[in-house]
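Work through the exercises below with the model open. Each task is followed by a stepwise solution.

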Amino acid sequence: MSKLLKTEKEETVYIEIEDLKAYYTTEQYGIVKEIKAVENISINIEGNSFLAIVGESGCGKTTLARVLYGAVDSPLSIIEGKICYHFNDKKFELSPTSNSLKKIWWEKLSYIPQGSLSALNPIRRLKDIFSDLALSHGKAYDEQKVKTHLEMVNLPSYVLQTYPFELSGGMRQRCVIALATFLNPNIIIADEPTSALDVVTQRDILQLLNNIQTNFKSTFIFITHDISLVPGLADMMAIMYGGCIVEFGSTESIFVNPLHPYTKFLLSSIPKIGDKTEKKPIPGNPVNLINPPVGCRFSPRCPLGKEICTESRPNLFNIDTQQHQVACWLYQ
Ligand SMILES: Nc1ncnc2c1ncn2[C@@H]1O[C@H](COP(=O)(O)OP(=O)(O)OP(=O)(O)O)[C@@H](O)[C@H]1O
Ligand SMILES: [Mg+2]
């Protein structure tokens, strides 16, 4: 791994997500439907932490990432709640009535979108892409600085002369990471940054993200459907199911003592060498986000469900003195 430049910002960062609800509105055959992709999410994210948001396909991870970044446009809208980014004593907020997050894009908050391998402009050389980014933030283009930054993400400086299509998938992903971190943001949201890569490249990219987080003391929000990637990478985890966060806590406490039945299913799906026990699939079908259950969204598939689970949706609550929260009636 190449040397990482330590240019951390001396800012205290804190993110508050309060009762966040974000829905898509679509129209089919003249009937307007709401897709309830993010439902009543309330968590706090400490600065200088690495949070993994884990859940199956379609559970609303990308929607949550877009909302966290403030990239909310039709057909997606925020119905209720808010997100507050605190940097020292400055506050930037996103709610149904205000969006001040665009002001902090790239310099304080950056986003590596899902499928970002194709996010680079195919008709611009990398040099021009970096230059556009610097100039659009009122900074002069300093090629030496860009080369040093590329070295940090293990890229040779010749990539500046290339077009994105001339690079391999792993190199393009490193370019996207280099762009997202170029203006030294405090918070980086990375949505499935390794899902299109082979396992060796995937490991290198995860190691790079880990090194950036440790060296720059930035806050990472890492989104993945693969729970096995989380240990050794993230210190905190949020388990998402059907638009809701059903468990939140330190990676260690969730792996050692998983509480929510959905988390237990996810963990039991991780293959272990020598384990010949039959892997049981989660019964039933993924939740329909247009017409979700009234109570806990996992209740139709939960083997331990009680009557109350179908009637009322549980909120996250603290389970012990450690930072470990679960939204499940079994523990209330
Ligand atoms: N632009 C859109 N318009 C309407 N519905 C959408 C749109 N984008 C996503 N959805 C719906 O919102 C729900 C959540 O989708 P989202 O992309 O957030 O899931 P995800 O957890 O990121 O899935 P994956 O792991 O496959 O990336 C899904 O039911 C999806 O069909
Ligand atoms: Mg997604």
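**Exercise 1. Which polar side-chain atoms lie by ligand 1, and at what distances?**

Step 1. Start with K61: one of its polar side-chain atoms is 2.7 Å from an oxygen atom of ligand 1. A polar contact is a pair of N or O atoms within 3.5 Å; within protein, one must be able to donate a hydrogen and the other to accept it, and residues adjacent in sequence count only if both atoms are side-chain atoms.

Step 2. Go to Q114. An N or O atom of its side chain is 2.9 Å from an oxygen atom of ligand 1.

Step 3. Turn to Y24. Here a polar side-chain atom lies 3.4 Å from a nitrogen atom of ligand 1.

Step 4. Ligand 1 alone exposes 640 Å², and the protein buries 67% of that (Shrake-Rupley method, 1.4 Å probe; for residues, only the protein chains shown count as cover).

The model is predicted: local features need pLDDT of at least 70, side-chain atom pairs count only at pLDDT 80 or more, and totals for chains, interfaces and linings use all residues. Residues are numbered from 1 along each chain as its sequence is written, chains are lettered from A and ligands numbered from 1 in the order written, and side-chain values use heavy atoms, without hydrogens and water.

**Exercise 2. Describe the shell around ligand 1.**

Step 1. Count: 16 residues surround ligand 1, and the closest are S57, G58, K61, T62 and T63 (a residue is near if one of its heavy atoms lies within 4 Å).

Step 2. Sort by class: 6 nonpolar, 7 polar and 3 charged. Ala, Val, Leu, Ile, Met, Phe, Trp, Tyr, Cys and Pro count as nonpolar, Asp, Glu, Lys and Arg as charged, the others, Gly among them, as polar.

Step 3. Sort by element. Strand 1 (13-28), strand 2 (31-46) and helix 1 (61-69) each supply at least two residues. Helix 1 gives the most, with 3. Elements are DSSP runs numbered from the N terminus: helices H or I, at least four residues; strands E, at least two.

**Exercise 3. Which strands does strand 1 pair with?**

Step 1. Strand 1 runs antiparallel to strand 2, with 11 bridges; E16 pairs with N44. Pairing takes at least two DSSP bridges.

Step 2. Strand 4 (residues 76-87) is also antiparallel to strand 1, with 10 bridges. I15 has Y85 as its partner.

Step 3. Check the turn. Strands 1 and 2 form a hairpin with 2 residues between them, and Y29 there has a positive phi of about 50 degrees.
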